Amino acid sequence: GLAPGTTNITLTTKSGATATCKVTVIKDTITLSKTSIDILGGSSDGSIPGVAGEITYKINNPKSVVKKCTVESLEEGNKEVVKAEVVKGETDGNNNLTGTIKLTGITPGKATVTLTSRYGGSATCTVTVVRLPEEVIMTTKEITVGIDDSKNAHVTILPEDTTNKNLKWESSDEKVAVVNASSGRVIGVGVGTATITGTTEE
């Protein structure tokens, strides 16, 4: 079929006899519950599996089936980002074929999941897999500054492929030292001792 519609194909013999066949070409429409989704990947050492997410699909033809589900990594080296598994669909009350695509995060990054149906329907969802921080190590153990002087506090966030490494910085005593909430730069404002704390956003 080239396009949806109906046409007649007629066969004519040399003697003039004819036979006609009516041909109907149909095309599915697939609707996904989400065109983009964020899910969590597993721990860096593999001890904690990725968190499963899911999207639902609807095909406007109860006689259709899912032909294939294709995952395409958008990352360098075509690394595996997410696994996708299609759950067999069933007909709903509106005569649509509905089902679920289960997603499991593998490594941080982006990938597309494309669903294709028997009669030419297609729909794509972009999946972003994120890695949460597992450990924050304060590499700057102690800072000494004068009044109106400043220095940066430094940390190491593990694993290295953590998606969001932003920290929120706080000072225990802003009469002694203040800290830039986003950069971690500490400024001395008075004599004394204060504790500087960095907390991950996720």
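With everything selected, colour by burial: 30% of the chain's 202 residues count as buried (buried means under 20% relative accessible area with a 1.4 Å probe, protein chains only, exposed is over 50%, and partly exposed is in between). A note before you zoom: this is a predicted model, where local features need pLDDT of at least 70 and side-chain atom pairs count only at pLDDT 80 or more, while totals for chains, interfaces and linings use all residues. Residues are numbered from 1 along each chain as its sequence is written, and side-chain values use heavy atoms, leaving out hydrogens and water.

Still zoomed out, look at the C-alpha atoms: they fill a box of roughly 110 × 40 × 35 Å along the principal axes.

Now switch to cartoon. You'll find 17 strands and 0 helices (DSSP runs numbered from the N terminus: strands are E, at least two residues, and helices are H or I, at least four).

Next, select 150–152, 177–179 and 185–188. Here 3 strands make an open antiparallel sheet, ordered 12-16-15. Strand 12 (150–152) and strand 15 (177–179) are the edges, each pairing on one side only. Strands 12 and 16 pair over 3 bridges (pairing takes at least two DSSP bridges). Click Ser150 and you'll see Ile187 of strand 16 opposite.

Last stop: Ser64, in the loop between strand 5 (52–59) and strand 6 (66–73). Is Ser64 buried or exposed? Buried, with a relative accessible area of 3%. Show side chains, and a polar contact of 2.6 Å links Ser64 to Asp28 (N or O atoms within 3.5 Å; within protein, one must be able to donate a hydrogen and the other to accept it, and residues adjacent in sequence count only if both atoms are side-chain atoms).
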